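Thanks, everyone. I have one structure to go through today, and I will keep to what was computed from the atoms. Here it is.

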Amino acid sequence: MPQLALTEAVFYILLSLQKPLHGYGIIQNVGELSHGRVKLAAGTLYGALNSLVEKGWIDALPENPESRKKEYVITASGLSVLKEELARLSELVDNGKRLLGGN
Amino acid sequence: MRRVVHKLFFIWQLEKEQAWVNEMASHGYSLEHAGRLTFEFDETEPGKYIYKEIFLKGWGEGAENIKYFKFLEEMGIKVVCYINYPGTCWVYLRALKEDYPDGIELYSDIDSKITYQKVMAWYMLLVIVLTLAAGSLNLWISLYSRNYVFPLNFICAVFLLSLCAGAVVAEINNLVKLSRLKKERKLHE
């Protein structure tokens, strides 16, 4: 079965977690990647992180005793989901460009 | 110096209460504790904090909510206090205005807004059912007891049924919002 589309938030969270980040770091990183367009809100991020851990697409790392902030990182299955999604998005972009003549 | 204000807000006046708490903060009074009828403020720099009030499933001291509160604190959002109600809690959050100049927004996509609106809708339904049942019972007792000297049950019935009517109005608002969000979700995330 082909994979269903990821939400924009999930796509950017997975993309950000190629290196370990805590919640606030993810918000900042997603903001920078999208040039300020995507502003993840705390509640939405919290729900998404919990679902992603449950799915096994990201791991929660043991809490850093100094900062007491929980960090997350992408897993191998998360990375493969992200790559599949990238292929799906490329198809959309390619078709869009082809049929709209790049305008 | 601490200033205690007594004020009554009903359960469907969440937005009104939040606006009032924020107005107090803009005048230099930061909310430090809230009870069902009392609000305690400390004098602070005007406009330093911004407040947000939310409903959550379960009590404030529940394990899931404690985890969520800790996560919010990492985001610079502090839990000032919460009030437990059956199966839910009403939470007062605050953050520095310089960190959240546009206000504290907890949900940035339609799905999480829908989930939140559903919690509100279910809770309001519970309020409607309970106030309607208790109000009708009191009305029934007052009609049959024919106590005209001290019509306590009648007063209770009027109070409960007015609460129920208010909750119905709030529930209609909730359902309208929910249906608008669901319609939007068919096109956008």
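Chain A has 4 helices and 3 strands. Keep in mind that this is a predicted model. Reading from the N terminus, the order of the elements in chain A is α-β-α-α-β-β-α.

Some overall figures next. Along the principal axes, the C-alpha atoms of chain A fill a box of roughly 55 × 35 × 20 Å. The chain has 103 residues, and 27% of them count as buried. Take the contacts in chain A with a separation of 6 or more: 46% of these come from residues 24 or more positions apart.

Now to one helix pair. Helix α1 of chain A, residues 8-16, packs against α2(A) at an angle of about 105°, and the two axes are 9 Å apart. An angle of 65 to 115 degrees counts as roughly perpendicular, so α1(A) is roughly perpendicular to α2(A). Which residues meet there? From α1(A) they are A:Tyr12, A:Ile13, A:Leu15 and A:Ser16, and from α2(A) they are A:Ile26, A:Asn29, A:Val30 and A:Leu33. By type, the contact of α1(A) with α2(A) has 6 nonpolar residues, 2 polar and no charged.

A:His35 is not a glycine, yet its phi is positive, about 55°. Is A:His35 buried or exposed? A:His35 has 7 C-beta neighbours inside 10 Å, and the cut-off for exposed is 12 or fewer, so it counts as exposed.

That is what I have on this one.

Key. Residues are numbered from 1 along each chain as its sequence is written. Chains are lettered from A and ligands numbered from 1 in the order in which they are written. This is a predicted model: local features need pLDDT of at least 70, side-chain atom pairs count only at pLDDT 80 or more; totals for chains, interfaces and linings use all residues. A residue is buried if 20 or more other C-beta atoms lie within 10 Å of its own, exposed if 12 or fewer, and partly exposed in between; C-beta atoms are placed from the backbone. Axes are lines fitted to C-alpha atoms, for helices over the stretch in contact, and angles run from 0 to 180 degrees between N-to-C directions. Helices (H or I, at least four residues) and strands (E, at least two) are DSSP runs, numbered from the N terminus. Angles under 35 degrees count as roughly parallel, over 145 as roughly antiparallel, 65 to 115 as roughly perpendicular and the rest as oblique. Two residues are in contact if their C-beta atoms, placed from the backbone, lie within 7 Å. Ala, Val, Leu, Ile, Met, Phe, Trp, Tyr, Cys and Pro count as nonpolar, Asp, Glu, Lys and Arg as charged, and the others, Gly among them, as polar.
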